[in-house]
Amino acid sequence: MSQDRVRRRRFIKTAFPVLLTLSLLLLPLFNDSSYVLSTLVFIGIYSIVTISLCLLMGYAGQISLGHAAFYGMGAYGSAILTVKFGLNPWLALLAAAAFTALVAWAIGIPTLKLKEHYLALATLGFGVIVYIIFTQETAWTGGPSGLSGIPYLSLGQLTFNNDLSYYYLVWAAVLFTIYLSSNIVNSRIGRALRAIHGSETAAEAMGVNTAAYKLQIFVLSAIFASIAGSLYSHYITMINPSPFGFRMSIEFVLMAVVGGIASIWGPLVGVSVVIFLTQLLRDLIPLLLPNAGGEMELVAFGLILSVIMIFMPEGLFRGLMDRWDNPVRYRKAKAPLPSSLWEEDES
Amino acid sequence: MTLLEVRSLSKSFGGVVAVAGVSFSIQQGQICALIGPNGAGKTTMFNVITGIYQPDSGQVYFEDRLISGFKPHQIAGLGITRTFQNLQIFENMTVRENVMLGRHVLTKTGLFSAALGLPASRRENRACRRLAGDFLAQVGLADRADEPSANLPFGQQRLLEIARAMALEPKLLLLDEPAAGLPGGETRELEQVILRLRDQGTSILLVEHDMETVMNLADNIVVMDFGYKIAEGGPAKIQKDPQVLKAYLGEEDSDA
């Protein structure tokens, strides 16, 4: 590997997190409109779920089409425990995460024995069942109209009851999630997960207990999603089942794939692109085609995503990084580089 | 001392008998070769020893302990690992990380200490990284350590698979056709690597079609044909065994 490339990689590995943190800190100084901040809060919340999905899909190679269920269990757990039982919101967040972990563990034992399409279907089915519980268990969840009056999170004197404070809270959580996840990816555990993705037979032959690690990462992934759901509840302060259905599960997978599933930074890109693109098309299409209805936005959205996937099947983040890292190789071969080239520590 | 003992082992798939009542043993510090024509049951034998298949009858003992019924990762934990005939490199990792993965059973970091980046886990990771470099140097791949493993040419991928298995510091290493597809020069290098491993105390079970390699390396040879063991002994004896010549080396040609 040339010195030039080593230097470039080292630069980006230190510069990227620092620049991101700085720009997140400073951004509200330039624009603190409620619209921008709340969009960024949502990008943050979705990013946590999408990172958790990337750990599961991109590293361990196990698909989940039911992640909105874990996200919803966090949201409803927090809502029910605070509204109906008056529990402290932080305790509710932890209790909801613990409960979600337990459910993920119980679901994971049988379903993670399945592979690929079958696993996708099983998790999809799980998501549908949880959604039905949200809408039908009226006594607990308030049914289709949901629950309201969810209290704000607070720390001492500081109550997170406005967009600015919540923006900082959520992004602190996102950066912490990234920190934990990139530690995992570069560790013994991360290698075991990638080995499972590469070849389960070979991983087992090297002593990796594939069933145990798949279950561990599934449970961890569910915990992250649940915490993101709790953060959603305490931000919006009222919930109903609609953001926790099948559509949302698919949207999480979409965000993960667009950003690049085998990457910890990719989700930030994927989530932002999907959200901004949706907004942009909503504004742009009526200007270009005055008579077009909402369906034209969907068509354009689909087209753009297809183009991204055709030219960068490894996702936007990795796709752009790899080309920048080694443009020559990219003109010759299209095999994606191992994700770890970007993320391993060179200690 | 007997390291591994296979006792009257049988395995069939549907109506096809892949291994039929085969017994043999591997002595500590020995290179044992398992040979036979295609379909003789060699790879099935590998898969039973490493726990991928369960035997229909018969047992496998490792250090006098019954290991049939164990899961593959448990068997690896006891110090038995393998390479694959159709390479099983982790292409989503760098060369070095493939070897680091080989240290899995010898390292301890769990999910939580990894996630929090605790000092113990970082220390272990650094040590593992260094050791991986040493193992790569032993097979001559040190200078390619940080490349994507998919970039290596075929022969070097074979060496990488061996380095990965070496990293587990196995007591018994099963090599499934390590010389297949290698040009002659690389095969000689491979033989040196295997002999060094044996000298360092690793016992080896070798499946190989290249007779020259088998005769150069093996202390003991087990010959299988259609699932049955038809002969066993040192290279000199096997080369003269009439049944082996008939089944495997060809009836007319005895100097292959």
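Predicted model: local features only at pLDDT ≥ 70, side-chain atom pairs only at ≥ 80, totals over all residues.
Let us now consider chain B as a whole. Chain B contains 10 helices and 10 strands. Its C-alpha trace spans about 65 × 40 × 35 Å along the principal axes. The radius of gyration of chain B is 19 Å, which agrees with the value near 18 Å that a compact globule of 256 residues would have. Of those 256 residues, 48% count as buried. Among the contacts in chain B with a separation of 6 or more, 65% are between residues 24 or more positions apart.

I turn next to the open sheet. It has 4 strands in the order 2-1-4-5 (chain B), and the pairing is antiparallel. Its edge strands, each pairing on one side only, are strand 2 (16-27) and strand 5 (65-66) of chain B. Strand 1 (residues 2-13) of chain B pairs with strand 2 of chain B over 8 bridges, in the antiparallel sense. B:Phe13, for instance, stands opposite B:Val16 in strand 2 of chain B. Across strand 1, strand 2 and strand 4 (57-62) of chain B lies helix 1 (residues 42-49) of chain B, which runs at about 65 degrees to strand 2 of chain B.

Elsewhere, please look at strand 7 of chain B. Is this strand, residues 172-176, enclosed by the rest of the structure or open? It is largely enclosed, because 5 of its 5 residues are buried. B:Leu172, B:Leu174 and B:Asp176 point one way, B:Leu173 and B:Leu175 point the other way, and all are buried.

Strand 7 of chain B has parallel partners. Strand 6 of chain B pairs with strand 7 of chain B over 3 bridges in the parallel sense, and B:Ile80 stands opposite B:Leu172. Strand 8 (residues 203-207) of chain B also runs parallel to strand 7 of chain B, and 5 bridges join the two. Here B:Leu175 stands opposite B:Leu206.

B:Leu206 brings us to the core. The largest nonpolar core has 170 residues, and those touching the most other members are A:Ala228, B:Cys32, B:Ala33, B:Leu34, B:Ala163 and B:Leu206. Helix 2 (residues 34-59) of chain A supplies the largest share of this core, 15 residues. In soluble globular proteins, nonpolar side chains tend to be buried together. Apart from residues up to four places away in sequence, B:Ala163 touches B:Val99, B:Phe135, B:Leu136, B:Gln138, B:Val139 and B:Leu141.

I close with a loop residue. B:Leu106 lies between helix 3 and helix 4 of chain B. It counts as partly exposed because it has 15 C-beta neighbours inside 10 Å, whereas a buried residue needs 20 or more. Setting aside neighbours within four places in sequence, B:Leu106 is in contact with B:Leu168 and B:Glu169. B:Leu168 is 62 residues from B:Leu106 along the chain, yet their C-alpha atoms are separated by 6.9 Å. Thank you.

Technical notes
Residues numbered from 1 in each chain as written. Chains lettered and ligands numbered in written order. Rg over C-alpha atoms; globule rule 2.2 N^0.38 Å. Buried ≥ 20, exposed ≤ 12 C-beta atoms within 10 Å, placed from the backbone. Contact = placed C-beta atoms within 7 Å. Core = buried A, V, L, I, M, F, W, Y, C linked by C-beta atoms within 7 Å. Pairing = 2+ DSSP bridges. Axes fitted to C-alpha atoms, helices over the stretch in contact; angles between N-to-C directions.
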